[in-house]
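Good morning, and thank you for coming. I would like to present one protein chain today, going from a single contact to the overall picture. Please look at the sequence and the structure as I show them.

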Amino acid sequence: MNHRTQDGRTANDLGELREQAEHTRDELGRTVEALAAKADVKAQAEEKVAAAREKAAVAAGQVKEKAAAATDLVKEKTPDPVLEKAEVVAQKAKANRTPLVAATAALAGFLLVRRIVRGRRGRR
């Protein structure tokens with residue numbers, strides 16, 4: 001049934017060896033591909049960047065939704081006269097940005113100088 005070859009092995013033994021060799025080649029090929037993928041730092045970085053962008057886009061969408069809901073709630077709960085006054089103030093601020101920015105900068109400078117002076121007095 002089994003034919004002997006010149007080195008004394010049977011045909012079945014050779015067939016099994018060939019199957020083992022083919023199986024080993026397949027495993028080796030998969031291992032090499034996996035190692036090549038791990039070694040491809042650029043591709044891994046691109047995947048991580050894409051994942052981070054996706055997460056950021058989702059988070060931004062959630063923030064926009066919550067901000068819109070909060071805005072609607074504030075508008076709903078705020079009395080009309082207060083909303084009207086706020087609109088007038090906002091329009092005046094937009095029309096007079098330069099003086100508003102200058103006043104804000106002056107106030108910030110005053111507070112900074114005051115803090116520095118108070119800090120020096122405390123060290124003495």
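Let me begin with the charged side chains: the count of salt bridges comes to 1. The structure is a predicted model, so every value I give is computed from it.

Which residues form this salt bridge? Arg25 pairs with Glu22, and their closest N and O atoms are 3.3 Å apart. Both residues belong to helix H1, which covers residues 11–39. Because they are 3 residues apart in that helix, about one helical turn separates them. Is Arg25 buried or exposed? With a relative accessibility of 53%, Arg25 counts as exposed, because the cut-off for that class is over 50%. Glu22 has a relative accessible area of 41% and is therefore partly exposed.

I turn now to the chain as a whole. Its secondary structure consists of 4 helices and 0 strands, and the order from the N terminus is α-α-α-α. Of the 124 residues in the chain, 1% are buried. The accessible surface is about 11600 Å², and carbon and sulfur atoms account for 59% of that area.

How many of the residues of H3 are buried? The number is 0, so H3 lies largely in the open.

The next feature is on the surface. Leu107, Phe110 and Leu111 make a nonpolar patch of about 310 Å². One of these residues, Leu107, is found in helix H4, residues 97–123. The relative accessibility of Leu107 is 51%, so Leu107 counts as exposed.

The average pLDDT of the chain is 88, and 90% of the residues score at least 70. Where is confidence highest, and where is it lowest? It is highest in helix H2, residues 41–77, at 93, and lowest in H4, at a mean of 89.

Thank you for your attention.

Note on methods: Residues numbered from 1 in each chain as written. Predicted model: local features only at pLDDT ≥ 70, side-chain atom pairs only at ≥ 80, totals over all residues. Heavy atoms only, no water. Patch = residues over 30% accessible without salt bridge, like charges linked within 9 Å, V, L, I, M, F, W, Y side chains within 5 Å. Areas by Shrake-Rupley, 256 points an atom, 1.4 Å probe, with all protein chains shown as cover. Salt bridge = Lys/Arg side-chain N within 4 Å of Asp/Glu carboxyl O. Helix = DSSP H or I, 4+ residues; strand = E, 2+ residues; numbered from the N terminus. Buried < 20%, exposed > 50% of the residue type's maximum accessible area, 1.4 Å probe, protein only. pLDDT = per-residue confidence, 0-100.
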